[in-house]
Amino acid sequence: MNHLTPENLQALEALIAQIMNESEARGIAVGFTDASGAILYEKYFGYRDAEKKLPIDRDTIFGMASVSKSFTALAIMQMQADGLLSVNDPIKDYIPEFTNKNQKEPVRIWHLLCHSGGFFPLPRIVVDKTAKEMGIADSLENPLIYREDFADEGIRRVAERLDNQTVFVGRPGQRLSYCNDGFGLLSDIVRRHSGYGSFAAYLDKRILKPLGMNRSNIGFLQNTLDENAAILYSKERGDKEWRCDRDYENNAFVLHGGGALKSTMGDMLKYAAMYLNEGFSADGTRIIDRYSIQEMCRPRQVMKPGIYYGYGLETRQLGDMTVIEHGGSLPGVSSNFSFCPQTGIGIIVLCNTMDVPVYAIGETAMRICCGFSPEEERIAHHPRQWTAEEAKQLAGSYVSGEGDAFTLTPEEDGSLSMVCNGKKENLKSIYPWQGVVRKKYTDAYLTAVRDEEGNVFAAQYGSRVFPKVTVS
């Protein structure tokens, strides 16, 4: 049954207009495909360059940010299928800079694939700063993504920093804490052990070119100079003015497996069709075996109630159907990729503006395609109060190495007030040791992380585990 009725598409486009207005989004691209590669819906809103009023088309380059993680996971699974590694192997067997010296159990490849290596978030080690300190620069003749000296320095910095952590969110495999560094290590395993010489070359030869994704790459300068690359619109925290440029190095991670991909609507629709065909492109080219795709999509770690992380992909239920997805955010980038095996539909949403809730567009589009109302049905939580022990233990300040922070303060009525990055949030207790902040388009859960004695030493908020640094 075709659920893409004029009424449903009108509701979707009204939401897009609303989100663009609220978030000052300059340009948004939305597309749906089926397994055959047929385009079911494709529309572009706003501009790739708002100042010059330049339109978006299916070949306009956008940043993918963390959607890149699914490509990294796919590369690792290809290498396993080729007999070059096993996801059960310890990381230290492939990256000697990481000795695993401070953890009692080995961190294995599969742990990093589902963000469960045990690491707290750390400050980002970025491309431009590292290159400057090395006295080198990106160029078309000698791109950073292919330079062995740059890759060696990047893995040294990232691996040794992870190796020096002495406090962990848990044992390897115990719980999820989103970790860009871990996916950086995975991409370096691809670089060192695939036989292709670089992560960029591997992606190009084994994934992008076989899928016909000829406008996709993980480069920096080449996209900056591309006339059909989107201008990136972003605001740093506290900034009042928008930053508008085509600086694809801005806040880019020094290792490329966590967020370096740039792509287009046309290319990403081909990528979605490959998952709908369980490892085969729409024209029948085999990219990977069905078993590996199924392993990537299998739920392994809880992200929040009803949403799980597999290998570079998230999984959730929509009625009796399964939705597989991943989003991404960087300066000038908001992206979302999803597909539903039961309906055989994949959805891509791309935006050239930071912090735009494009996941809400993807969610509404998927609901329509699956035959549900465009309006999301939120989970109804029964109200409860924090116990005195919960309030006492949770009270304090929590700071992520990535720069985010929140405080929890007990109030006279038994509630906990929450201030996150200077903004007061309406935190409600819903279950023992767990609360929720109901935002306009999604719910963010806060869950206490306790040691073996039951003491709170951290809290998961969203996808990150924040260490507790002070007691209120």
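In what order do the 9 strands of the open sheet run? The order is β16-β15-β14-β13-β21-β20-β19-β18-β17, with antiparallel pairing. Strands pair if DSSP finds at least two bridges between them. This is a predicted model: local features need pLDDT of at least 70, side-chain atom pairs count only at pLDDT 80 or more, and totals for chains, interfaces and linings use all residues. Residues are numbered from 1 along each chain as its sequence is written, and side-chain values use heavy atoms, with hydrogens and water left out.

**Overall build**
- The protein has 12 helices and 21 strands. Both are DSSP runs numbered from the N terminus: helices are H or I with at least four residues, strands are E with at least two.
- The C-alpha trace spans about 60 × 55 × 45 Å along its principal axes.

**Burial, contacts and surface**
- Of the 472 residues, 57% count as buried. Buried means under 20% relative accessible area, exposed over 50%, and partly exposed in between (1.4 Å probe, protein chains only).
- Contact means heavy atoms within 4.5 Å. Among contacts between residues at least 6 apart in sequence, 63% join residues at least 24 apart.
- The protein exposes about 19,400 Å², and carbon and sulfur atoms supply 49% of that area. Areas come from the Shrake-Rupley method with a 1.4 Å probe; for residues, only the protein chains shown count as cover.

**The open sheet**
- Strand β15 (residues 416-420) runs antiparallel to β16, and 3 bridges join them.
- Met418 has Glu425 in β16 as its bridge partner.

**Cysteines**
- The disulfide count is 0, where a disulfide is a pair of cysteine sulfur atoms within 2.5 Å.
- Cys351 is in no disulfide; its nearest cysteine sulfur, that of Cys244, is 13 Å away. Cys351 counts as buried, at 1% relative accessibility.
- Cys370 is in no disulfide either; its nearest cysteine sulfur belongs to Cys340, 3.9 Å away. Cys370 is buried, with a relative accessible area of 7%.
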